[in-house]
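The sequence and structure are shown first, and the description follows.

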Amino acid sequence: YLESAEQNAKEILVGKTSRQETTEVLEGITNGYKIAFQDGKLVIAGTDDNWIAMALYEFEKKVLKSSKYMSNGKLMIPEDLNLNESHDDPQMIARLLNRGYTDIALNTEKVMSCAGEGLIKIAQGAVGDGNHVYFVLRNSGDTQAMVFKYDMTGKQVAKSEVFNAGHCNDMTLNTRTSTLYVAHGSAAPKKLTPAADNLSIGTVKNISVNTGALTYNAARNCYGISQGGKNLILCDAGFKSVQSYTRTDDADYTAQGMGSDDHYIYFPMSGSKDNVLVTYDWNGKYVATLKINLSLESESMFYAGGNYYVNFHQSSKGAQLYKVTPVFNYSFN
């Protein structure tokens, strides 16, 4: 029945209904779902469509297919049933992968552009903290680069001086120290250029591992580093290597930068017709390859402020930042 149908004393309310019972059940759920009785009605609700789909799969698995509740052709659900999950930080792609859902579609939405300045217009790394996004762009000769800072409305609020960081393959942000690091790339793989939050450029930092892509995770206080799509190296907060893995995905795409959340590391890789996010866990295990149906060349990705972003280069137009959102559907089996 549509929710506009006449209300009955006993109902199962699924999804985003306007009924008071749905609103009441979701109280206290920040990002997640809850399945419970409210005023005699069974409510299956989530904070968005993905969480609703997950709630339905949980209900199917733990109730409909459970001999505890289903027997002799009857479904008997106790009034104190309470299945719920809530997170302050959604990390939606990770939540789905954690449950083994790897067949995930990704929607893309352009959120802002950074055209660069003068001859410095080739997009490379990008990173954000939920309040601002930072882009590093270079010239075609790999001799000049600048970092640009934008607010979340797409307005430029600061820019660095011109500096030389080679190919500027990737960039990450240590949110604990508010320090940006730009990876020089294959010509100087053990060099990083730091920049402060005000975009003042620091002295080049030498590290012990080759770097073409890098990401920082504040919860773990560590860096993920890779080069050429072949390896994954975990470093401590001082860029000392603590663990090294060989990548096993063999993706037939061009290696670019990398990004991460608390659960997984994501490698954006570009192809002639589309892009992919190749995903590993923090123990170096390959998890999934997620397709992005855009033909632009991906450069880097990051997770911030509850959203995943991928930075693309578009010829003569510089950096094009897209929000990447998972789409997860429920199908009764």
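## The largest pocket

In this predicted model, the largest pocket has a volume of about 360 Å³. Its lining consists of 27 residues, and those nearest the centre of the pocket are Thr-175, Tyr-216, Ser-260, Tyr-303 and Ala-304.

Five strands each contribute at least two residues to the lining of the largest pocket: β8 (122-128), β12 (170-174), β16 (213-217), β21 (259-260) and β25 (297-304). The largest share comes from β25, which supplies five residues. By class, the lining of the largest pocket comprises 13 nonpolar, 10 polar and four charged residues.

## The second largest pocket

The second largest pocket has a volume of about 280 Å³. It is lined by 19 residues; Gln-124, His-167, Asn-169, Ala-255 and Gln-256 are the ones that lie nearest its centre. Two or more lining residues are given by each of the elements β8 and β25. Of the elements, β8 gives the most to the lining of the second largest pocket, namely three residues.

The lining of the second largest pocket divides into four nonpolar, 12 polar and three charged residues. For the largest pocket, the corresponding division is 13 nonpolar, 10 polar and four charged residues. Strand β8 supplies at least two residues to the lining of the largest pocket and three to that of the second largest pocket.

## A buried position: Thr-279

Thr-279 belongs to strand β23, which covers residues 275-281. Its relative accessible area is 0%, so Thr-279 is classed as buried, the cut-off for that class being under 20%.

Apart from neighbours within four places in sequence, the contacts of Thr-279 are Leu-97, Tyr-264, Ile-265, Tyr-266, Lys-285, Tyr-286, Val-287, Ala-288 and Leu-290.

## An exposed position: Ser-315

Ser-315 is located in the loop that joins β26 (307-314) and β27 (318-327). Because its relative accessible area is 60%, Ser-315 is classed as exposed; that class requires a value over 50%.

Which distance separates Ser-315 and Ile-122 in space, C-alpha to C-alpha? The two residues are 7.7 Å apart by that criterion, while 193 residues apart in sequence. The residue range of β8, 122-128, begins at the number of Ile-122.

Notes:
Residues are numbered from 1 along each chain as its sequence is written. This is a predicted model: local features need pLDDT of at least 70, side-chain atom pairs count only at pLDDT 80 or more; totals for chains, interfaces and linings use all residues. Side-chain values use heavy atoms; hydrogens and water are left out. Helices (H or I, at least four residues) and strands (E, at least two) are DSSP runs, numbered from the N terminus. Buried means under 20% relative accessible area, exposed over 50%, partly exposed in between (1.4 Å probe, protein chains only). Contact means heavy atoms within 4.5 Å. On a 1 Å grid over the protein atoms alone, a cavity is a set of points where a 1.4 Å probe fits but cannot get out, and a pocket is an open set with protein on both sides within 12 Å along at least five of seven lines; lining residues have an atom within 4 Å of a point. Grid points are joined across faces, edges and corners, and a volume is the space filled by probe spheres set on the points. Ala, Val, Leu, Ile, Met, Phe, Trp, Tyr, Cys and Pro count as nonpolar, Asp, Glu, Lys and Arg as charged, and the others, Gly among them, as polar.
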